Amino acid sequence: MIKKCLFPAAGYGTRFLPATKAVPKEMLPILTKPLLQYGVEEALAAGIDIMAIVTGRGKRSIEDHFDNAFELESQLSGTAKESYLKEIKTVIESATFTYVRQRQMLGLGNAILTGEHLIGDEPFAVILADDLCDYDNKSVLSQMKEIYNKYQCSIIAIEEIPMDKTSNYGVISGYLVDKTNDTYRVTNMVEKPEPKNAPSNMAIIGRYILTPDIFNILENIKPDKNGEIQITDALNIQAKEGKVIAYKFDGKRFDC
């Protein structure tokens, strides 16, 4: 049973400057809804109701968003605009939110490790909110839960990308294990390879289901040349033992 979803949300969002100078990138809106809320709703659609959010300095608005706003609710009560708050109130009432701060920005692997005490010794999902996933029937995380139930190991979502874009992604190599479900047993992962060195054009996107042994791996791997701990390095260790499945999900991803 996957009960918890981790949201790394401590980064500076430098690609979004100057918009992210005072506003967390996770709170930037698509229409009237912030990115992070889309991710939380995807987790809820997958039957996950405990949200573990790794934040940092200047991210207080995330906590405020997923909390009651009594003054605003009182102001809008009985007016035509009262319905505007209905959606977010439903989210707040359906989920439990926990928070921890990442003190230094030392890579996605470090952010996930920071959330260990919120997760405990159980498998969990990870959503990167700036990957917005659209789908027709089942949410991407719901699809991945079904794959996890079959293989009982770490699951990563992948999509095919143009070869000239590989330097922007973690890229996998592996072999097909189920053509019906587009699943691959991962044998290797390379973080942001140049096109000539890329093992494939199948890129990892911001959806994971991870087994709890990932924390011990993250704690013991060496940082990369930039001093960051990469989740791909930790997953590679699992992959060498045949414990990572890549799933080409049904849906459309948007890099926000």
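Is Glu 146 buried, partly exposed or exposed? With a relative accessibility of 43%, Glu 146 counts as partly exposed, where buried means under 20% relative accessible area, exposed means over 50%, and partly exposed lies in between (1.4 Å probe, protein chains only).

## About the model

The structure is a predicted model, in which local features need pLDDT of at least 70 and side-chain atom pairs count only at pLDDT 80 or more, while totals for chains, interfaces and linings use all residues. Residues are numbered from 1 along each chain as its sequence is written, and side-chain values use heavy atoms, with hydrogens and water left out.

## Salt bridges

Side chains of opposite charge can pair when their charged atoms come close. A salt bridge is taken here as a side-chain nitrogen of Lys or Arg within 4 Å of a carboxyl oxygen of Asp or Glu, and by this rule the count comes to 16 salt bridges. One of them joins Glu 42 and Arg 207, with N and O 2.9 Å apart. Glu 42 lies in helix α1 (residues 35-45) and Arg 207 in strand β11 (residues 202-210), so this pair ties together parts that are 165 residues apart in sequence; helices (H or I, at least four residues) and strands (E, at least two) are DSSP runs, numbered from the N terminus. Both Glu 42 and Arg 207 are buried.

Glu 146, the residue of the opening question, forms a salt bridge with Lys 138 at 2.3 Å, N to O, and Lys 138 is partly exposed as well, with a relative accessible area of 41%. Another salt bridge links Glu 160 to Lys 248, whose closest N and O atoms are 2.7 Å apart. Because Glu 160 lies in strand β8 (residues 154-160) and Lys 248 in strand β12 (residues 244-248), the pair ties together parts that are 88 residues apart in sequence. Glu 160 is partly exposed, with a relative accessible area of 49%, whereas Lys 248 is buried at 18%.

## Aromatic pairs

A pair of aromatic rings is described by the distance of the centres and the angle of the planes. Rings of Phe, Tyr and Trp (its six-membered ring) pair if their centres lie within 6.5 Å, and planes under 30 degrees apart count as stacked, over 60 as edge-to-face and the rest as tilted. A search of the whole structure finds two such pairs. Phe 66 and Phe 97 form a stacked pair, 4.6 Å from centre to centre and with 20° between the planes. Since Phe 66 lies in the loop between α2 (60-65) and α3 (70-76) and Phe 97 in strand β5 (residues 96-101), the pair ties together parts that are 31 residues apart in sequence. Phe 66 is buried at 6% relative accessibility, and Phe 97 is buried with a relative accessible area of 16%.

The rings of Phe 124 and Phe 215 have their centres 5.2 Å apart and their planes at 5°, so this pair is stacked too. Phe 124 lies in strand β6 (residues 124-127) and Phe 215 in helix α8, so the pair ties together parts that are 91 residues apart in sequence.

## Around Phe 215

Phe 215, in helix α8 (residues 214-220), is buried with a relative accessible area of 2%. Not counting residues up to four places away in sequence, Phe 215 touches Ile 112, Leu 113, Glu 116, Ile 119, Gly 120 and Phe 124, where contact means heavy atoms within 4.5 Å.
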